[in-house]
Amino acid sequence: MSENIVIIGAGPGGYVAALRAAGLGARVTLIEKENLGGTCLNHGCIPSKILKHSADLMLKCLSAGSMGIKISGEVSPDISVLMQRKSTVLENQRKGLAGLLEKAGVNVVMGFAKIVAPGKIEVMTDPEQPISVAYDKLIIAAGTVPMNVTKFAFDHEKILSSNDILSLDYLPKSLTIVGGGVIGCEFAFIFSALGCEVTIVEAMDRVLPLPGVDESCSKLILREMKKRKIKVLVDTIVTRADAKNGGLEIFLDVSPFTKSAGKPKNPTLQSDVMAVCIGRSSLAKELGLENIGLETDKDGWIRVDEYMQTAVENVYAIGDILGPSHVMLAHVAYHEGLVAAVNACGSKEAPKTAMSYDAVPGAIFTMPEIGTVGLTEKQARDQGKDIETAVVNFRVLGKAHAIDQIAGEAKMIVEKASGKVLGVHMTGPHATDLIAEATLAVRKGLTAKDLADTIHAHPTLSEIMGETALKILNTPLHG
């Protein structure tokens, strides 16, 4: 008899789990309260890349003259057209997902899901007539929302969430971004390219202060921010934001999280709007987990084992609702969905599939982009590994000069004894695509010699991997 599997949440993890489970013969119901695709498609990965593409195009137009292209007349962004394009792309993507799910035989129910008892869920499609859905196995992929700070709570007009900033119907003259993480840094470059005066306020001592991002990437991207006149205040926090002169007066203080030398030089700054990009909050509280005895940690994150199984039998969880102890990325949720689906469809006698986080690529769409995988230099040294590192600038590549994108570098971390590639961290043109080769190398335990012996097409940006591997081997050609 086939399993009756219910999945709460149709983001990257949820819809992939639904497709895989259906392909394995299960009867699948997928419940989504808003739109297919979840945060990634509707409020994150895809809409931000639509804006970035336009921002890239804007910068290319402004430099077209030096490339031999003459543009007559004014070049300026049209935010209404940009947002219309975003809506069209997202709607087409949602239709595509709906088609995939229908073809796979997945029953999609739109509404708010709440677990009311073991094996039973109520879906509020109509407030007065909830639908009852039964399950044998449950996969929770409910996701998260932008973290709200009570001292400067979202008003969705002047104090914005990351969702809000992706739906602006005008371009503010000035924009302050609270948080210099991935989302904050991406927005900084996008809105700077579109003509906004951008300031980043970051509580830590560097932008992109993430354990999995090498410090070399942070230093290089800070240099590029300065070139684009993006103001960056590190070791600084926002304490409050008051309405003033049609905008905001933002109050600053020294960060309690770093060893900053003293108070900020300027205790306040003025800004038209402020975007708060400092993290995500769990949606677990609204799911009725207490009705099946499933407890979360103190921050509302669901705990799972390597098989994506929770402490409650037949209940799995995937994606961002697992919190920062796991990797909160769409492509990670995708693979967690595959693992959960296979395990939910299996029998007690069948071998389980475990989730591995050993070779997760990071893709940061700044300008230039950042691609990361594996250990940073600091992580490797903290683990006591005997390593070698090499850095090669993108400017050694003919292709980088041809496309006028020479800023950036690639850094490789290799274990001395074995020559195995432990990590690669690159900042440069199309780094988010180039990191795929490095991810395979880390995943399969390849050596720097394996990469150096691989023929990379010329002229391409992928040559950066071969050049960096050659430098590790002390046989550099161009690097």
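Which residue in β11 does V178 stand opposite? V178 faces V201 there, and the sections below show where these strands sit. The model is predicted, so local features are described at pLDDT of at least 70, side-chain atom pairs count only at pLDDT 80 or more, and totals for chains, interfaces and linings use all residues. Residues are numbered from 1 along each chain as its sequence is written, and side-chain values use heavy atoms, leaving out hydrogens and water.

## The five-strand sheet

Let us begin with the sheet that holds V178. Helices (H or I, at least four residues) and strands (E, at least two) are DSSP runs, numbered from the N terminus. Two strands pair if DSSP finds at least two bridges between them. Here five strands make an open sheet in the order β9-β16-β10-β11-β12, and their pairing is parallel. The edges belong to β9 (159-160) and β12 (231-233); each has a single partner strand, so one side of each is left without a neighbour in the sheet.

Inside this sheet, strand β10 (residues 174-178) pairs with strand β11 (residues 197-201) in the parallel sense, over five bridges. Helix α6 lies across both β10 and β11, and runs at about 165° to β11. Such angles run from 0 to 180 degrees between N-to-C directions, and the axes are lines fitted to C-alpha atoms, for helices over the stretch in contact.

## The three-strand sheet

A second open sheet has three strands in the order β4-β5-β6, with antiparallel pairing. At its edges stand β4 (112-117) and β6 (131-134), each with a single partner strand, so one side of each is left without a neighbour in the sheet. From one strand to the next, the twist averages 30°.

Now look at the pairs in turn. β4 and strand β5 (residues 120-124) are joined in the antiparallel sense over five bridges, and F112 has M124 in β5 as its bridge partner. β5 and β6 also pair in the antiparallel sense, over four bridges, with K120 opposite A134 in β6. These two strands form a hairpin, with six residues between them.

## Helix α1 and its neighbours

What angle do the axes of α1 and α8 cross at? For helix α1 (residues 12-23) and helix α8 (residues 330-345) it is roughly 35°, and the axes come within 7 Å. The crossing is right-handed; a crossing is left-handed if the near helix is turned anticlockwise from the far one by less than a right angle, and right-handed if clockwise. Contact means heavy atoms within 4.5 Å. Among the residues that make this one are V16 and R20 of α1 and Y334 and L338 of α8. By class, the contact has eleven nonpolar, two polar and one charged residues. In this scheme Ala, Val, Leu, Ile, Met, Phe, Trp, Tyr, Cys and Pro count as nonpolar, Asp, Glu, Lys and Arg as charged, and the others, Gly among them, as polar.

Helix α4 (residues 79-104) also packs with α1, at an angle of about 25° and with the axes 9 Å apart. That angle makes α1 roughly parallel to α4. Angles under 35 degrees count as roughly parallel, over 145 as roughly antiparallel, 65 to 115 as roughly perpendicular and the rest as oblique. The crossing of α1 and α4 is left-handed. Y15, A18, L19 and A22 in α1 meet L97, L100, L101 and A104 in α4, and these residues divide into eight nonpolar, no polar and no charged.

Residues of α3 including K52 and M58 meet residues of α6 including E186 and F191. This contact has seven nonpolar, one polar and three charged residues.

Rings of Phe, Tyr and Trp (its six-membered ring) pair if their centres lie within 6.5 Å; planes under 30 degrees apart count as stacked, over 60 as edge-to-face and the rest as tilted. This rule gives one aromatic pair. The ring centres of F187 and F191 are 6.2 Å apart and the planes are at 70°, so the pair is edge-to-face. Both residues lie in helix α6 (residues 182-193), four residues apart, about one turn of the helix.
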